[in-house]
Amino acid sequence: MAQIRIENVRKDFGSFTAVKSSSFTIEDGEFFMLLGPSGCGKTTTLRMMAGLELPTSGQIYIDGEEVGRKRARDRDIAFVFQMFALYPHMTVGGNISYPLKSQGMPRAEIKRRVGEVARILGIEDILTRPVGGLSGGDRQRVALGRAIVRDPKAFFMDEPLGALDAEFREHMAEELRALHDRMGATTVYVTHDQLEAMQMGDKIVVMNHGVVEQFGKPQEIYDWPATMFVAEFIGSPPMNFLAFDGAVQPGAMGVMLGDAPVTVPEAREGHSGSLALGIRPEHVRLDDRAAYRGTVIAVEYLGTTQIVTLSSRFGDIKARIASSQRVREGETTGLSFNERTVTLFNRETGQALRSAANEGVLRHG
Ligand code: ATP
């Protein structure tokens, strides 16, 4: 078990900076997600924590000990690779026991540990089978078994479910999370899939272009995105942005979208210029009494809900509403927003504008 802390870690490859001054802490026992689009620097960050890549600057601590120059094999971390990394000519038991045999562990202890791991993973009945003919799920379990059997301080996983089809992926994601809950070992998991990160993670770091955009619990990140990038990357459909040039007037509880007032909980006077209101699709209501108007341009039926796209003066907006609500393409309607969940952004910096009270919630929540 381990707490892992990275402080101002940076990685340059020649003149290219893959990771720019990143800091965050992974608490002991957490299931921690490194999330971001391809090339954002998540694998490089994981490899630096594992000792497979040297940081250009900054510090990495495992359980309070600075490990920046410590070799990978001395950090006591297990990497779980995708299932193709198994030894195909060996049996299931052979694959799982391999790391212990190469450590020179006594046979009786190896047998005990392999038995225990097989029981945890539910693969006791296939220990003598060669891995060659196994199903994808069983191969994934064997790969996990080989990592677990060493009883390392932490597990690192780089897109471990990437090669699986959607249905099976979901099943394995549930199994991985359940396994983590049983074992309680610190797990760091790299993914570009925001749904996977939201479903599995205790905490998420969202990266973009080598920068940590936000770090927090899934719901915090969803409800209080720190930047427009995070607001768009997390959620499907992503957060709507209504772009306008304006100001937050002294004493105001909100902003004016043209002549329609919109309440914004974190509005602070003094903000002006290029602003955007961020509203999640499920927080948009089609409400004929509302002053802000939109015209329906598309309706996508999804069973219990429907996604309605409306064009409006400050930008297109998607609403997720109950399918039972009658909507016709071409009709014009009022739009109201769940005011507690609206976020105001500065469009030039991409940063959310928050009140001191909300900053407090974010820092200590
Ligand atoms: P992906 O999911 O595509 O692997 P990622 O977020 O994990 O994306 P990294 O693999 O960390 O991204 O790579 C970040 C950037 O650093 C990429 O632009 C990549 O091309 C570059 N990079 C990574 N390793 C090296 C290297 N050894 N030499 C040069 N550039 C590298």
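Guide: Strands (E, at least two residues) and helices (H or I, at least four residues) are DSSP runs, numbered from the N terminus; two strands pair if DSSP finds at least two bridges between them. This is a predicted model, in which local features need pLDDT of at least 70, and side-chain atom pairs count only at pLDDT 80 or more. Residues are numbered from 1 along each chain as its sequence is written.

Visitor: What makes β12 and β13 a pair?

Guide: Strand β12 (residues 254-257) and β13 share four bridges, in the antiparallel sense. The definition asks for at least two bridges, so the two strands pair. V255 stands opposite V262 in β13. In this hairpin, two residues lie between the strands, and G258 takes a positive phi near 65 degrees.

Visitor: What makes β6 and β10 edge strands?

Guide: The open sheet of six strands has the order β6-β7-β8-β3-β9-β10, with mixed pairing. Its edge strands, β6 (77-80) and β10 (211-216), each pair on one side only.

Visitor: How do you know that β6 pairs with β7?

Guide: β6 and strand β7 (residues 154-158) have four bridges in the parallel sense, and I77 stands opposite A154 in β7.

Notes:
Heavy atoms only, no water.
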